Amino acid sequence: MLAVSTNGRATDCQSRPVFSGTMLEDLTPTPSPAPWPTAYPQGYAVVDVETTGLSRDDRIISAAVYRLDARGEVEDHWYTTVNPERDPGPVWIHGLTSDALEGAPLFVDIAEEFASRLADRVLVAHNAVFDWSMIAREYARAEREAPVRQRLCTIALSKELGLPLPNHKLETLAAHYGVVQQRAHHALDDARVLAETFRPSLHAAARGGVRLPLLECRALTEWSAPATGATRPQIGRQASGGYGSYQPTGWRPSRKRPACPYPNPGRYEDGKPLRQGMRVAFSGDTSVERDLLEDRAVEAGLHVATSLSRLTSLLVTNDPDSMTSKVVKARQFGTPVVDEAAFGQLLRDVAPATEG
C-alpha cells in the first residue's frame, strides 16, 4: 500500500523500493561501514628528512612533519632547515647550499619542537629505517632522546597491501594514488606526498583487516663527540666542496671488525641454540639499528657476514617474503631464516664454540 507524505512524495509503508515521479528510490537501510580496527595507533607523524649523505656520520639539513589523526586526516604540518655544521653534501639533489643553511638553526635548537611533533605518535616514513636512524643519531648527539616508540615504513605497508607497483619509489606510490609531486627531495613536499598516499593505504588496510607493519624504535645512546683537537669543516662559504670536502670524524668506532676467532660449526638448527662461530647475515629493516644488532652478534662470538652464501648459518629478516638478494639466495641455498625477535632470544644463550 502506498501513502502520501506531507511533502507530496509517494512512500511505501513496507519500506519497499517504489517509483515516485521519474525516480526509483531504494529505501533499504545502508549497511554501516566496518568498524575501525581498535588495535591501530591513535596518531601518526609522517616524516621526511634531507641529509648531507647516507652514512652514520651524515647530518640532517631539513626536516618536515605532517601530523595525522587516527584515520590519517591531516592535523597540521611543520618544516625547518637545519645547519649541519659541515658541508651540505649533494646540493644537486636537495638544493640546499651552504649559503642557504648558514643562518639556519642547529639541530639542538629545534630538537624540542621536533620532539613535540613526534610525541605519542607512530613515525611514518618511506624507507623508515633511514629517517629514524638519522633522527635518533641527531638526538643522541644532542644528548636527548626522540619520543618515538614505533615506526611504520610505507614500503612495507605497500607490500602488506599487495599494491601493484613496479617498484617502491615514492614517486611510484604517488602515481598509484594520483598524488602530484611538486618538489622531489624537498622535505616538506615529500612529507606532503607521503601523507596523501598514506591515508588511502591506511584505509585500505583497515578495510581489509591488515596488520600494520609496526616496528619498535629504540633510542641510540652510543654517540661520542670527536676526540679533542679534531676539526671538521664549518658550514659557510669556505665549505664549498662536495662529499669529498668533508672528512667524517665518526659517531661510533670504526665498523671494521677483527676476524671471528671461532670456526663455522655449520647451519643453525631450529630448536637448538646458536653456536659461536656461526655465520649470520641480516636483511631489511630492523627495530634495533643494524649496527647495534651486528655488534651484539659479534660480542656473542658470531661471524657477521655482509653477503649470503652456502656457508651462511642463519639469515635474520623481518620480511621473509621480500625479494632482496639475500632472501632469494637463502631460499636457493636452504639457509634457515628467523625474524629479529627470535634472533634476540637466541642471542641470550649462544653456545660456546665447538672444541677441537
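1. Let's start with Thr38, which sits in the loop joining strand E4 (23–25) to strand E5 (43–51). Bear in mind that this is a predicted model. The threonine is exposed, because its relative accessible area is 78% and anything over 50% counts as such.

2. Ala206 brings us to a core. Along with Val46, Ala174 and Ala205, Ala206 is among the members of a second, separate nonpolar core of 25 residues. Ala205 turns up again in the next point.

3. Now the helix pair. Helix H5 (residues 154–161) and helix H7 (residues 187–208) have axes that come within 11 Å and cross at roughly 35°, and the crossing is left-handed. On the H5 side the contact uses Thr154, Leu157 and Leu161, while H7 brings Leu194, Phe198, Ser201, Ala204 and Ala205.

4. The largest nonpolar core has 48 residues, and the members touching the most others are Phe114, Leu118, Ile135, Leu274, Leu302 and Phe343. Helix H4 (residues 128–141) supplies the largest share of this core, with seven residues. As background, nonpolar side chains tend to be buried together in soluble globular proteins.

5. Leaving out residues up to four places away in sequence, Phe114 touches Ala63, Val65, Trp78, Phe107, Ile135 and Tyr139. One of these, Ile135, is also on the list of core members that touch the most others.

6. Which residues of helix H10 (residues 340–347) are buried? They are Glu340, Phe343, Leu346 and Leu347. Viewed down the H10 axis, the buried residues fall within an arc of 115°, so they line one face of the helix. Their cover includes strand E11 (279–283), helix H8 (290–299), strand E13 (314–317) and strand E14 (337–338).

7. A detail at the start of H10: a side-chain oxygen of Asp339 reaches to within 3.3 Å of the backbone nitrogen of Ala341.

8. Finally, the overall picture. The protein chain has ten helices and 14 strands, and buried residues make up 46% of its 356 residues. Of the contacts with a separation of 6 or more, 66% are between residues 24 or more positions apart.

Conventions
Residues numbered from 1 in each chain as written. Predicted model: local features only at pLDDT ≥ 70, side-chain atom pairs only at ≥ 80, totals over all residues. Heavy atoms only, no water. Core = buried A, V, L, I, M, F, W, Y, C linked by side-chain atoms within 4.5 Å. Buried < 20%, exposed > 50% of the residue type's maximum accessible area, 1.4 Å probe, protein only. Helix = DSSP H or I, 4+ residues; strand = E, 2+ residues; numbered from the N terminus. Contact = heavy atoms within 4.5 Å. Arc of directions from axis to C-beta. Polar contact = N/O pair within 3.5 Å; in protein donor to acceptor, adjacent residues only side chain to side chain. Axes fitted to C-alpha atoms, helices over the stretch in contact; angles between N-to-C directions. Left-handed = near helix turned anticlockwise from the far one by under 90°.
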